[in-house]
Amino acid sequence: MKKELSKKFDKKMGFTPDIMNVATQLDPKLEAFYEFCDSTIQDDGAMPSKYKMLIIMAMGAQRHCQECVVSAMRSAHNKGATEAEILDAVRCIAVAGGAPAITACKDALKLLKDKKFGGTC
């Protein structure tokens with residue numbers, strides 16, 4: 001894996017997942033694909049990145065992935081999403097996904113309530 005990509009992981013997550021090292025060694029094209037995906041989500045375009053992260057938060061909730069919801073919420077906040085915008089997204093999650101989806105938001109909501117949603121992803 002190129003050092004630039006590893007640094008991006010370190011900055012966002014605090015570490016580089018071993019699977020990314022193995023996957024990019026086996027198939028170097030995965031590195032280019034990751035770069036495309038990362039820039040699509042992380043860069044502002046017609047839609048600001050903070051809203052893209054709120055969409056990803058909703059997708060994580062629909063998959064019942066609490067860690068995905070927390071990570072996406074933190075990223076959205078770090079990109080400028082307000083508490084009101086995050087709560088609006090959570091309301092949409094509840095309407096669209098019902099109890100299972102809102103349950104996936106439990107940890108993110110606790111962090112939001114305690115104002116501990118900062119940090120890096």
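How many residues does helix 3 have, and how far does it reach from its first C-alpha to its last? The views below start there. This is a predicted model, in which local features need pLDDT of at least 70 and side-chain atom pairs count only at pLDDT 80 or more, while totals for chains, interfaces and linings use all residues. Residues are numbered from 1 along each chain as its sequence is written, and side-chain values use heavy atoms, with hydrogens and water left out.

View 1. Helix 3 spans residues 29–42, so to speak for itself: 14 residues reaching 20 Å, close to the 20 Å expected at 1.5 Å a residue (1.5 Å times one less than the number of residues). Helices here are DSSP runs of H or I, at least four residues, numbered from the N terminus. Glu31, Tyr34 and Asp38 are its buried residues (buried is under 20% relative accessible area, exposed over 50%, with a 1.4 Å probe and protein chains only).

**View 2. Helix 3 meets helix 4.** The two axes come within 7 Å and cross at roughly 110° (lines fitted to C-alpha atoms over the stretch in contact, with angles from 0 to 180 degrees between N-to-C directions). Helix 3 and helix 4 are therefore roughly perpendicular, a label for 65 to 115 degrees. Thr40, Ile41 and Gln42 of helix 3 touch Ser49, Lys52, Met53 and Ile56 of helix 4, where contact means heavy atoms within 4.5 Å.

**View 3. Helix 2, inside and out.** Met20, Ala23 and Thr24 are buried in helix 2. They cover an arc of only 95° around the axis, which puts them on the same side of the helix. Asp18, Gln25 and Leu26 are exposed on the other side.

**View 4. Two loop residues.** Thr16 sits in the loop between helix 1 (3–13) and helix 2 (18–26). At 14% relative accessibility, Thr16 counts as buried. Its C-alpha is separated by 33 Å from that of Ala99, 83 residues apart along the chain. His64, in the loop between helix 4 and helix 5, has a phi near 60°, a positive value in a residue other than glycine.

Methods: Angles under 35 degrees count as roughly parallel, over 145 as roughly antiparallel, 65 to 115 as roughly perpendicular and the rest as oblique. The arc is that of the directions from the helix axis to the C-beta atoms.
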